[in-house]
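Please look over the sequence and the fold shown here. A short tour follows.

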Amino acid sequence: MGTVPWEESRDLSFLFLRFLLDGAPFRYVSGSLHYFRVPRVLWADRLFKMRMSGLNTVHYVPWNYHEPEPGVYNFNGSRDLFAFLNEASVANLLVILRPGPYICAEWDMGGLPAWLLQKPDIHLRTSDPDFLAAVDSWFKVLLPRLYPWLYHNGGNIISIQVENEYGSYRACDFGYMRHLAGLFRALLGDRILLFTTDGPEGLKCGSLQGLYTTVDFGPADNMTKIFALLRKYEPRGPLVNSEYYTGWLDYWGQNHSTRSISAVTTGLENMLRLGASVNMYMFHGGTNFGYWNGADEKGRFLPITTSYDYDAPISEAGDPTPKLFALRNVISEFQEIPLGPLPPPSPKMMLGPLTLHLVISFLNLSVHLKYLLFHTQDRGFVLYRTYLTYTVSEPTQFWVPNNGVHDRAYVMVDGVFQGVLERNMKHQLFLMGTVGAKLDILLENMGRLSFGSNSSDFKGLLEPPILGQRVLTQWLMFPLKVDKLVKWWFPLQLMKRSHPQVPSGPTFYSTTFPILGEGGDTFLFLPGWTKGQVWINGFNLGRYWTKRGPQETLYVPRPLLFSRGALNKITLLELENVPPQPQIQFLDRPILNSTLHKTYIYSLSPDTQSASEPMELSGH
């Protein structure tokens, strides 16, 4: 696609135009797939299924996934973007690339690196010189490496998006958008099509002269009205919906989101009849492994679930769904799709129940802190510690001013678990302790804000805690590299030691198990467990929150497991309460919709905000 790649044609009610590709009329029907939410070994499988559905493909590039520290770049393994582009080429797929710098995507901090916040006064997504310097440095690494992959250079990238839904951001800084456009042109040249996308309400601040304007909306929105609005900003070009929502995201504590097949297929058919180009978001959602999920703030802090199934046409486990076949039938009415059947669902496995054994509690682990420290900590856990300088003989209010717990605090006195403080939800506990008592707070980062105002989402204790009328000071801070602990240190050190039989508070549990035969994909079910983190063979599978839901199982891809009798190891960090029988099971199907009527574990607390207040929808 060049910069003016369209031809005119007429219809009874619309003047609509078409893209040209190699001089021939071209309309794309694409689907979103995030390489960073799918294990690398499964990229080819997912891309092949998308191609067999009749699609091009589109995907984001999360800056924070590739630059973990300033000037340190990682394009290895699952972060090898260029290997993914090659897999797309092998699958005969064109690519619409969305490199940000901000991407939303329900990803931690919308793809922006958390180390930007080391300058606490930085203004994200603006012309702030500190922000632009970091952006320029990143894109001067990324974009030249993408240049050979542009379509006119023999690659498969046909267009590139600048920023993402910028009109939904409070800044409306056209100087920032012009800076990005100039940077992209300088590094990529004039022949690649650059575009923006926004929701209808964001077109005013999100569009920019010289960049092609597209819009995003879902099946329930008024297509005619929105495309008419788009025409005010893009009067001559083809109509494009860059994010047509096939489903929706899930928040912990909310109901599982679904969108009906009939609504999604009807909306797609109507757009294709207009000659529009469409990208379906998502076509395959994948998983927020590790700590990578983002969060929204809609009256309260709303972290996003580990599963990013999204009710998409290809399930989290990579299986074609009835929605896929219905959409494929619609697409086949407008363009040729590859011949041949789609692959069947992958083999699934059931196993268990398995009994887990206590490894160590934080009460014992704390004496080994010197082995666990990490110099900087963007995500995961930090331990705060102080010692009481006076005796508190009666239950006394313990709290953090100004909603200063970001995001969940697990409180222990002399190693005994006292309860949880939670951002926006649970603001106080009542503690007792003698002079010299050790007060520990294990602080969990539940994911940084990823949409909309996207204010700098600092993590940790943002204000000193207060016990009664006294501000507690002299805190020690221990950034914990828990993943390193689970993968390397446990096998070498902890199994040699004896541990208490009655744990209190955050505690590690583990067991090993063989898989006879070839095994298959499976779903980890944790009945009776409360909240925590799971590792399988050292791989951070993600968060579980059985007591809050709606997600009750975690997807375990087959490639993570050893088969043919080899031993697999599962480790849980249970942050609150362990069930009387510490057992887990592996199921052959997911449970993603357990929450009913927006129930919350702390919904009866007097200091909790209403769980039934209306919520606006997020963008991407």
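This is a predicted model: local features need pLDDT of at least 70, side-chain atom pairs count only at pLDDT 80 or more; totals for chains, interfaces and linings use all residues.

Which side chain makes a polar contact of 2.6 Å with the side chain of Arg-408? The partner is Glu-422.

Arg-408 sits in strand 19, which covers residues 408-413. Its relative accessibility is 1%. Arg-408 counts as buried because that value is under the 20% cut-off.

Val-420 is 12 residues away from Arg-408 along the chain. The C-alpha atoms of Arg-408 and Val-420 are 6.9 Å apart.

## The protein as a whole

The protein has 620 residues, and 60% of them are buried. It holds 11 helices and 33 strands. Take the contacts between residues at least 6 apart in sequence: 78% of these join residues at least 24 apart.

Eight strands form a closed barrel in the order 4-5-6-7-8-9-10-11, and their pairing is parallel. Neighbouring strands of this sheet are turned against each other by 30 degrees on average, direction ignored. Helix 8 (residues 261-273) packs on the sheet. Helix 8 touches strands 4, 9, 10 and 11, and its direction makes about 175 degrees with that of strand 10.

One pair shows the pattern in detail. Strand 8 (residues 193-198) runs parallel to strand 9 (residues 212-217), with four bridges between them. Thr-196 has Thr-213 in strand 9 as its bridge partner.

## Helix 4

Helix 4 spans residues 129-146, 18 residues in total. From first C-alpha to last it reaches 25 Å, close to the expected 26 Å. Helix 4 has a kink of about 30 degrees, centred on Phe-139.

The buried residues of helix 4 include Phe-131, Trp-138, Phe-139 and Leu-146. What do the buried residues of helix 4 pack against? They meet helix 2, helix 3, strand 6, strand 7 and helix 5.

## His-66

His-66 belongs to helix 2. Is His-66 buried or exposed? His-66 is buried, because its relative accessible area is 0%. The side chains of His-66 and Tyr-35 make a polar contact of 2.6 Å. Leaving aside residues up to four places away in sequence, His-66 touches Trp-138, Arg-79 and Phe-75, among others. Trp-138 is also one of the buried residues of helix 4.

## Backbone in the loops

Two cis peptide bonds deserve a look. One runs from His-406 to Asp-407, with omega near 20 degrees. Asp-407 lies in the loop between strand 18 and strand 19. Another joins Gly-549 and Pro-550, with omega about 5 degrees. Pro-550 is in the loop between strand 30 and strand 31.

Positive phi values turn up too. Arg-125 is not a glycine, yet its phi is positive, about 55 degrees. Arg-125 is placed in the loop between strand 6 and helix 4, and at 1% relative accessibility Arg-125 is buried. Asn-403 has a positive phi near 50 degrees. Asn-403 lies in the loop between strand 17 and strand 18. Asn-403 counts as partly exposed because its relative accessibility is 25%.

Terms used
Residues are numbered from 1 along each chain as its sequence is written. Side-chain values use heavy atoms; hydrogens and water are left out. Two strands pair if DSSP finds at least two bridges between them. Helices (H or I, at least four residues) and strands (E, at least two) are DSSP runs, numbered from the N terminus. Axes are lines fitted to C-alpha atoms, for helices over the stretch in contact, and angles run from 0 to 180 degrees between N-to-C directions. Contact means heavy atoms within 4.5 Å. The expected span of a helix is 1.5 Å times one less than its number of residues. The bend at a residue is the angle between axes fitted to the seven residues ending there and the seven starting there. Buried means under 20% relative accessible area, exposed over 50%, partly exposed in between (1.4 Å probe, protein chains only). A polar contact is a pair of N or O atoms within 3.5 Å; within protein, one must be able to donate a hydrogen and the other to accept it, and residues adjacent in sequence count only if both atoms are side-chain atoms.
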